[in-house]
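Please view the sequence and the model before reading on.

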Amino acid sequence: DHFRTSVPSIYAIGDVVRGPMLAHKAEEDGVATVEIIAGKQGHVNYATVPSICYTHPEVASVGITEDEAKEKGIKVKTGKFSFMANSRARAVDDADGVV
């Protein structure tokens, strides 16, 4: 494990290892792999890697859900953010709504 392949000097990250096929995850895999190669403790907290489904509208998430946090006794604070304040939403002329 730890991103090592059967060839000692070759490591694998991103789409060719377990987990979602997302650039965000591959980037974290890469950072952890470099840490391992440098002799450090490489680690990826997959619970903090954003996930997205490229549909219209897009659906994304990161971390645990509000209900999961409450079940674990974690104090939850929620909020809303207008798409009008999101540069990407404005750039593609799709700034209606909130997240």
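Lys 25 lies in helix H1; helices (H or I, at least four residues) are DSSP runs, numbered from the N terminus. This is a predicted model, in which local features need pLDDT of at least 70, side-chain atom pairs count only at pLDDT 80 or more, and totals for chains, interfaces and linings use all residues. Residues are numbered from 1 along each chain as its sequence is written, and side-chain values use heavy atoms, with hydrogens and water left out.

**Lys 25**
- Lys 25 counts as buried because its relative accessibility is 0%, where buried means under 20% relative accessible area (1.4 Å probe, protein chains only).
- The side chains of Lys 25 and Asp 29 are joined by a polar contact of 2.6 Å, that is, a pair of N or O atoms within 3.5 Å, one able to donate a hydrogen and the other to accept it.
- Beyond four places in sequence, Lys 25 is in contact (heavy atoms within 4.5 Å) with residues including Gly 14, Tyr 46 and Val 49.

**Helix H1**
- The 15 residues of H1 should span 21 Å at 1.5 Å a residue, and the end C-alpha atoms are 21 Å apart, which agrees; the expected span is 1.5 Å times one less than the number of residues.
- Ala 26 also belongs to H1, which covers residues 23–37.
- Gly 39, which follows H1, has a positive phi, near 85 degrees.

**Ile 36**
- Among the buried residues of H1 are Ala 32 and Ile 36.
- Leaving aside neighbours within four places in sequence, Ile 36 touches His 2, Phe 3, Arg 4, Tyr 11 and Gly 42.

Conventions:
Helix = DSSP H or I, 4+ residues; strand = E, 2+ residues; numbered from the N terminus. Buried < 20%, exposed > 50% of the residue type's maximum accessible area, 1.4 Å probe, protein only.
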